[in-house]
Amino acid sequence: MDLFSLHDAPRSEELYASYLDEVCETLGFDNAAYAGINPAGGTMHAYVTYSEDWQNHYQDHGLHNLDPTLHSAMRSVAPVDWSRLSRDTNFRRVFNDARDFGISERGITVPIRGPYGEFGMLSVTRDCSNTEWKKHRNTVMVELQKIAAHVHDHVMVSEPITRFLKHPNLSKRELEILQWIAAGKSQQDIADILNISSRTVEVHLKSSRSKLFALTTAQAVGRAVGMELIYPS
């Protein structure tokens with residue numbers, strides 16, 4: 001997959017919409033939507049590929065108060081497959097309306113939680129059979145989770161979150177190692193440069209990931225760059 005990086009383009013609503021369009025085209029989805037809440041700034045973001053008619057209908061009828069895809073994701077740390085949601089009154093209300101706008105009930109929402117309590121979720125939909133959906137979901141899930149984290153991190157960095165919250169307390173050594181990772185060095189390269197063991201490098205990276213609430217080292221580096229704790233190479 002060759003999606004462009006959000007860090008390589010100016011920040012704007014059009015940028016995020018274009019990025020989500022490309023996510024749909026590349027991964028084979030009909031629609032995509034990102035929503036995020038920054039508790040520090042008291043702000044909420046939403047970028048979607050849905051039609052303006054559906055956006056207006058959704059907002060005018062207060063469907064966000066009923067939408068089980070949102071409320072389930074807010075209680076979950078794992079991706080929420082809509083096919084596993086209870087077909088209760090709220091589900092039927094939201095998706096009976098959605099169907100009138102050509103939106104399928106086959107979809108998934110990936111929740112993302114950041115280091116300062118901010119919360120985001122990336123949702124995608126695909127109109128297909130249940131069998132096709134299960135196969136497609138399994139094929140793209142890993143990539144979709146990476147994209148969700150990428151979008152969330154970039155949106156959060158674009159907000160003045162660091163003016164409201166204290167930076168994570170990373171040690172000088174942890175920052176030094178993250179900076180070398182950002183420069184493209186391997187763990188063994190860094191061990192040789194700093195004259196420490198590769199195991200020690202891994203211990204510092206694990207600590208950095210924990211402090212930055214990152215699932216991967218790449219995500220930790222991205223967050224550290226976004227907070228201007230280290231600099232991109």
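Buried means under 20% relative accessible area, exposed means over 50%, and partly exposed lies in between. The model discussed here is predicted.

Q: Is Phe 101 buried, partly exposed or exposed?
A: The relative accessibility of Phe 101 is 32%. Buried needs a value under 20% and exposed a value over 50%. Phe 101 therefore counts as partly exposed.

Q: How many aromatic pairs does the structure hold?
A: Rings of Phe, Tyr and Trp pair if their centres lie within 6.5 Å. By that cut-off, the number of aromatic pairs in the structure is five.

Q: Which class does the pair of Trp 54 and Phe 101 fall in: stacked, tilted or edge-to-face?
A: The ring centres of Trp 54 and Phe 101 are 5.2 Å apart, with 55° between the planes. Stacked needs under 30 degrees and edge-to-face over 60. The pair of Trp 54 and Phe 101 is therefore tilted.

Q: How many residues apart in sequence are the parts that Trp 54 and Phe 101 tie together?
A: Trp 54 lies in helix H2 (residues 52-60). Phe 101 lies in the loop between helix H4 (89-100) and strand S4 (107-113). The pair therefore ties together parts whose separation in sequence is 47 residues.

Q: Which residue forms one aromatic cluster with Trp 54 and Phe 101?
A: Trp 54 is buried, with a relative accessible area of 5%. Trp 54 and Phe 101 share one aromatic cluster with Tyr 58.

Q: Where does Trp 82 lie, given that it pairs with Phe 95 of helix H4?
A: Trp 82 and Phe 95 form a tilted pair, 5.4 Å centre to centre. Trp 82 counts as buried at 3% relative accessibility, and Phe 95 counts as buried at 5%. The pair ties together parts 13 residues apart in sequence, as Phe 95 lies in helix H4 and Trp 82 in the loop between strand S3 (80-81) and H4.

Q: Which residues are closest to the centre of the second largest pocket?
A: This pocket holds about 870 Å³ of space. Its lining has 20 nonpolar, nine polar and two charged residues. Of the 31 lining residues, the closest to the centre are Ala 35, Ala 46, Val 48, Tyr 58 and Leu 70.

Q: Which element gives the largest share of the largest nonpolar core?
A: The largest nonpolar core has 24 residues; Leu 27, Phe 29, Leu 122, Leu 144 and Ile 147 have the most contacts inside it. H1, S1, S4, S5 and helix H5 (130-158) each give two or more residues. The largest share, eight residues, comes from H5.

Conventions
Residues are numbered from 1 along each chain as its sequence is written. This is a predicted model: local features need pLDDT of at least 70, side-chain atom pairs count only at pLDDT 80 or more; totals for chains, interfaces and linings use all residues. Side-chain values use heavy atoms; hydrogens and water are left out. Rings of Phe, Tyr and Trp (its six-membered ring) pair if their centres lie within 6.5 Å; planes under 30 degrees apart count as stacked, over 60 as edge-to-face and the rest as tilted. Helices (H or I, at least four residues) and strands (E, at least two) are DSSP runs, numbered from the N terminus. Buried means under 20% relative accessible area, exposed over 50%, partly exposed in between (1.4 Å probe, protein chains only). On a 1 Å grid over the protein atoms alone, a cavity is a set of points where a 1.4 Å probe fits but cannot get out, and a pocket is an open set with protein on both sides within 12 Å along at least five of seven lines; lining residues have an atom within 4 Å of a point. Grid points are joined across faces, edges and corners, and a volume is the space filled by probe spheres set on the points. Ala, Val, Leu, Ile, Met, Phe, Trp, Tyr, Cys and Pro count as nonpolar, Asp, Glu, Lys and Arg as charged, and the others, Gly among them, as polar. A nonpolar core is a set of buried Ala, Val, Leu, Ile, Met, Phe, Trp, Tyr and Cys residues joined through side-chain atoms within 4.5 Å.
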